[in-house]
Amino acid sequence: MTDKKIMNEAGIPVNNEPFKEGMDRRVFLQKTTKMVGVAVGASLISSLTGGLPVSAISSSSVMNSNGSKPDLVFPVISDVHIQSSNNFNLDKFVSTLEQLNQAVPKQDAFVVVGDLTDNGYTLEYDKFFNAYNVRKQTQAVSMFAIGNHDYWNGLSVANAQKLFLEKSGMESIYYHRIIKGYHFIVLGTEDGLTEGTFSVSQIGWLAERLKQANADDPDMPIFVFHHQPIKGTIYGSEWGFSKNRDLFYDTLKAYPQVISFSGHTHYPLDDPRIIHQKDFTSIGTSTGAYLWLDSGRIQGEVPEGADILNQALIVEVHKNKVILKRRDIHNNDWTGEPFELNYPAKKNKFKYTEDRDKKAPFFTNDALISIVHDKTAASGLAVMFTQAKDDLLVHDYKISAINVETGKVEKEMLAFSEFYKDPIPNPLTLPINGLKSNTFYEMKVHAIDAFGNESQNFLKVMGKTSQGPAFTLSKDTLNGINDKVDVVVENVRVPNGDWIGLYEVGENPGNTASIWWVYTKVTDGTYKFTYDPKNNLYPARYKEGGAYKFVYFYGSGYDAVAEMTFTVGSM
């Protein structure tokens with residue numbers, strides 16, 4: 001290590017829904033515990049009168065084209081990230097190709113929207129195309145866009161592009177195809193910057209191709225593909241490009257029949273905001289490598305198990321509509337309902353707009369919440385609760401930790417509903433850390449959907465953190481700078497990067513390096529060690545007559561939960 005170091009409460013009516021098949025109230029509470037003198041567990045939310053729509057937290061079913069044969073059909077994938085060092089993503093890519101061949105046995109095209117490789121190495125391209133060429137459908141037109149990762153091979157921009165073109169067989173990094181009368185326009189990011197660059201020249205070329213497609217038939221969809229998304233459109237478009245963004249957008253704006261496909265973000269297809277309509281249609285294409293998500297949630301932007309995700313789009317074009325089907329390759333199933341776009345496209349008829357969802361999620365009247373006893377720690381509690389319901393998707397939960405003694409919200413955080421998992425966990429268990437030890441808290445949980453609508457009703461439960469670590473020293477005054485001291489730390493949790501550092505009294509950990517530090521090693525809740533000053537990293541700061549403190553930190557940062565002081569006397 002471097003030194004960088006109760007009760008539920010209702011607010012609105014809810015419908016009756018079963019908690020979970022196979023789990024009744026007794027089973028739920030067996031997974032938790034009741035604290036002495038504190039009401040944990042849960043009661044029913046008050047019954048309500050109005051009928052809010054109910055949708056399953058997770059729904060997937062085999063979806064057909066209602067018997068009608070499409071005029072055109074093609075899969076779209078992105079962010080395959082083939083690596084030279086291992087075959088993990090390669091194996092996923094092979095599964096993608098094989099599964100798409102089963103789902104779409106007669107493809108007219110196959111499109112990959114950038115980041116074919118992880119570093120743009122020749123070996124990575126060879127792995128990609130060796131897998132692709134033996135599984136591609138010979139009648140399908142193959143189209144590949146270059147992504148930022150395809151530049152990351154140490155070559156110049158020109159040579160990286162040359163390698164991409166040589167391996168992919170494309171004639172340029174941006175090009176135009178007409179398949180069965182439908183226009184496909186593939187754009188190419190022009191450098192290896194993460195957010196990417198589309199030059200004025202390329203956007204001008206795009207404008208000419210759009211004009212041509214519109215002249216051919218203004219009622220037909222125009223398909224546009226580019227790696228990075230346009231900022232201010234789909235879910236995850238905060239990772240889009242800034243340079244020439246408005247020029248790019250305004251070029252597409254004149255053509256409501258455009259469907260713009262982008263990759264790059266690794267955001268999942270499950271979120272309804274993955275499609276966006278305002279002046280035209282934008283849609284994200286997820287990833288074949290690993291999941292990425294919004295920042296600011298306790299699970300992190302790349303949550304545990306993120307490398308499982310593997311998704312694809314299947315596009316069906318009919319005479320008067322385009323159907324976009326979302327495929328969970330990793331689950332060999334569909335996710336969500338297909339998006340349906342009507343043609344001829346009219347902006348005032350767009351249904352996948354930013355303001356399309358005004359209905360808040362809600363907890364049903366038999367929802368449960370409790371404290372998970374075996375996850376209680378000095379600085380945190382874990383809550384387990386029934387997932388809320390929403391007409392589209394519960395995206396987040398807002399958890400407020402209210403100090404019972406002061407009545408103040410001491411900690412407030414967001415957590416994903418883990419909608420990206422298959423199946424979505426229900427009940428959901430969330431750790432809430434950063435609390436004070438030996439303190440009573442009321443934990444309050446609100447649900448938030450993908451469009452930011454917050455539930456009016458909520459769940460709450462009482463819990464108490466455990467007593468924190470406590471130091472005992474064999475002596476509190478050392479005999480000179482070479483004297484040792486035995487230290488016992490009790491009430492220690494199973495370590496998760498926990499450590500103890502030595503500082504001068506008055507020093508602020510994080511702003512100043514520790515004089516000495518050690519990781520904790522726990523036996524029966526106790527950690528014992530002997531501090532020997534000869535192991536100090538900064539011996540010049542350890543002096544006779546000085547006052548010092550041992551500080552216990554949770555994790556690898558500076559979450560201090562306990563300290564003990566001592567002085568160094570003269571020999």
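View 1. Pro344 is found in the loop that runs between strands β13 (339-342) and β14 (369-371), where helices (H or I, at least four residues) and strands (E, at least two) are DSSP runs, numbered from the N terminus. The peptide bond that leads from Tyr343 into Pro344 is cis, with an omega near 5°. Pro423, for its part, lies in the loop between β17 (409-416) and β18 (428-433), and the peptide bond from Asp422 to Pro423 is likewise cis, with omega near -5°. The model shown here and in the views below is a predicted one, in which local features need a pLDDT of at least 70 and side-chain atom pairs count only at pLDDT 80 or more, while totals for chains, interfaces and linings use all residues. Residues are numbered from 1 along each chain as its sequence is written, and side-chain values use heavy atoms, with hydrogens and water left out.

View 2. Asp115, which lies in the loop between β2 (109-113) and α3, has a positive phi of about 55° although it is not a glycine. Asp115 has a relative accessibility of 1% and therefore counts as buried, a word that means under 20% relative accessible area, whereas exposed means over 50% and partly exposed in between (1.4 Å probe, protein chains only). Asn244 is also not a glycine, yet it has a positive phi of about 60°, and its place is in the loop between β6 (222-226) and α6 (245-253). With a relative accessibility of 22%, Asn244 counts as partly exposed.

View 3. The axes of helix α2 (residues 88-103) and α3 come within 10 Å and cross at roughly 25°, where axes are lines fitted to C-alpha atoms, for helices over the stretch in contact, and angles run from 0 to 180 degrees between N-to-C directions. That makes α2 roughly parallel to α3, since angles under 35 degrees count as roughly parallel, over 145 as roughly antiparallel, 65 to 115 as roughly perpendicular and the rest as oblique. The contact (heavy atoms within 4.5 Å) is made by Leu90, Phe93, Val94 and Leu97 of α2 and by Lys127, Phe128, Ala131 and Tyr132 of α3. These residues divide into seven nonpolar, no polar and one charged, where Ala, Val, Leu, Ile, Met, Phe, Trp, Tyr, Cys and Pro count as nonpolar, Asp, Glu, Lys and Arg as charged, and the others, Gly among them, as polar. Helix α3 (residues 122-133) also packs with helix α4 (residues 157-168), at an angle of about 25° and with their axes 10 Å apart, and α3 and α4 are therefore roughly parallel to each other. This contact is made by Thr122, Tyr125, Asp126 and Phe129 of α3 and by Leu163, Phe164, Lys167 and Ser168 of α4, and its residues divide into four nonpolar, two polar and two charged.

View 4. Helix α5 (residues 200-216) and α6 pack at an angle of about 5°, with their axes 10 Å apart, which makes α5 roughly parallel to α6. Val200, Ile203, Leu206, Ala207 and Leu210 in α5 meet Leu247, Phe248, Thr251 and Leu252 in α6, and the residues of this contact divide into eight nonpolar, one polar and no charged. Leu206, which lies in helix α5, has 0% relative accessibility and so counts as buried. If its neighbours within four places in sequence are left aside, Leu206 is in contact with Ile185, Leu187, Val224, Thr251 and Leu252.

**View 5. Phe128 and the nonpolar cores.** In soluble globular proteins, nonpolar side chains tend to be buried together. The largest nonpolar core here has 75 residues, and those with the most contacts inside it are Phe74, Phe128, Phe184, Phe223, Phe225 and Phe261; such a core is a set of buried Ala, Val, Leu, Ile, Met, Phe, Trp, Tyr and Cys residues joined through side-chain atoms within 4.5 Å. Not counting residues up to four places away in sequence, Phe128 touches Val80, Ile82, Phe93, Val112, Leu116 and Phe144.
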